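Subject: Structure for you to look at

Dear colleague,

Here is the structure that I promised to hand over, and I would be glad if you kept it open beside this email while you read.

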Amino acid sequence: MAISKQQLGYLYLATAMVLVGSTVTASKIIGAALPPFTATALRFAIALPCFALLMAVSGARLPRLARRDWLLLTVQAVAGSVGYTTLLIAGLQRTSAVDGGIILGTLPLVTAAIAVLLLGERPGKPAVAAIALAAFGVWLMSGDVAEPDAQGSLAGNALIVGAVACEGLFILLNKRLRTPVAPLALSTVMAAFGLAFSAAASLMEAPWTLAFAPDAVAAIAYYALVPTVGGFLLWYAGAARVPGSEAALFTALAPLSAVMLAAGLLGEPLSAMQIAGMGCVLGAVMLLGGTRRSGPAAPTRG
């Protein structure tokens, strides 16, 4: 039976978000063996040539940008490329991948909160309720202080919230560019800047050990090639076939994928409070999605 253009778009979007969710498990494996900035530099060192090749094959070009836009791209790279990846890895060195996956699901809510606090936007009552519900969900996950490593988990969760905030800044700053930049060109610039900044920051982590764990190196290669490059191609192929309001809702699959992979591949247990927290986060995302039916598809870069 033939598959329709819209159904194919749904498949692309769903696969892209499952891959995005898998970055939490990959980051957990990476963080067990490598320092965050070094791992981030290796990720972009692998991804950048792939994006450059895609630009050459497709004939994509970077538009002429003003100094203000270059400054915004630089801040985007520091926040969305370096900040997100390093904070995610550092956070997962201290907390579970299950918690990390659930917190990943707060991205639409964190983005809305940043828009309110930093940009002065006035949210409607549904948006305020969604933000509050997501915050309650994260609190449920972090509220089990009886655990021996509760302080470490709390610090890890805070770092992952910081990673999500960095990604939220990336999304909002992208909307402030005066000259639009095509997705492929933007991803290539972010990879180039991300490599430069993370490589410089990795000097603080020297001297490096040459005995890199094979599973950590494999996880970095997977992160760079599959969720970063492959996820980019799948997301924008799907977004071209599906209305933006429908495409944005597929982002809710990322935390589900992250939690399921953490439980299935890493053997991490799921507590009742974590399940309740995940339910609150997903409910909040759906509530917020209902208020943005006419908005564009949310960007994703893995």
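Residues are numbered from 1 along each chain as its sequence is written, and side-chain values use heavy atoms, with hydrogens and water left out.

The score pLDDT is the predictor's confidence in each residue, on a scale from 0 to 100. Its average over the protein is 83, and 86% of the residues score at least 70. Among the elements, helix 2 (residues 36-58) has the highest mean pLDDT, at 95, whereas helix 10 (residues 244-249) has the lowest, at 68. Where pLDDT is low, the predicted coordinates should not be read in detail.

As for the overall build, the protein has 12 helices and zero strands; here helices (H or I, at least four residues) and strands (E, at least two) are DSSP runs, numbered from the N terminus. Of the 302 residues, 46% count as buried, where buried means under 20% relative accessible area, exposed means over 50%, and partly exposed lies in between (1.4 Å probe, protein chains only). Among contacts with a separation of 6 or more, 93% are between residues 24 or more positions apart, a contact being heavy atoms within 4.5 Å.

The protein exposes about 13800 Å², and carbon and sulfur atoms supply 70% of that area; accessible areas come from the Shrake-Rupley method with a 1.4 Å probe, and for residues only the protein chains shown count as cover. On this surface, Leu 117, Leu 118 and Leu 169 make a nonpolar patch of about 330 Å². Patches are made of residues with over 30% relative accessible area and no salt bridge, with like charges joined within 9 Å and nonpolar side chains (Val, Leu, Ile, Met, Phe, Trp, Tyr) within 5 Å.

Leu 118 is in helix 5 (residues 107-119) and counts as exposed because its relative accessibility is 61%. Leu 109 also lies in helix 5, but Leu 109 is buried, with a relative accessible area of 3%. The C-alpha atoms of Leu 109 and Ala 127, which are 18 residues apart along the chain, are separated by 8.1 Å.

Which residues of helix 4 are buried? They are Ala 97, Val 98, Asp 99, Gly 100, Gly 101, Ile 102, Ile 103 and Leu 104. Since eight of the eight residues of helix 4 (residues 97-104) are buried, this helix is largely enclosed by the rest of the structure.

Ser 27, in helix 1 (residues 5-31), counts as buried because its relative accessibility is 0%, and Ser 27 touches Leu 88, Ile 89, Leu 92 and Tyr 223, not counting residues up to four places away in sequence. Ser 187, in helix 8 (residues 183-201), is buried with a relative accessible area of 9%. Leaving aside neighbours within four places in sequence, Ser 187 is in contact with Phe 51 and Phe 232, and its C-alpha atom is separated by 9.7 Å from that of Ala 47, 140 residues apart along the chain.

Ser 257 lies in helix 11 and is buried, with a relative accessible area of 9%; not counting residues up to four places away in sequence, Ser 257 touches Met 17, Val 18, Gly 21 and Ser 22. The other buried residues of helix 11 include Ala 254, Pro 255 and Ala 258. At 1.5 Å a residue, the 13 residues of helix 11 (residues 253-265) should span 18 Å, and its end C-alpha atoms are 17 Å apart, which agrees; the expected span is 1.5 Å times one less than the number of residues. Just after helix 11, Gly 267 takes a positive phi of about 70°.

Finally, how many salt bridges does a search of the whole structure find? The search finds one, a salt bridge being a side-chain nitrogen of Lys or Arg within 4 Å of a carboxyl oxygen of Asp or Glu. The side chains of Arg 68 and Asp 69 meet in it (3.4 Å, N to O). Arg 68 counts as partly exposed, at 31% relative accessibility, whereas Asp 69 counts as buried, at 1%.

With best wishes

Notes
Predicted model: local features only at pLDDT ≥ 70, side-chain atom pairs only at ≥ 80, totals over all residues.
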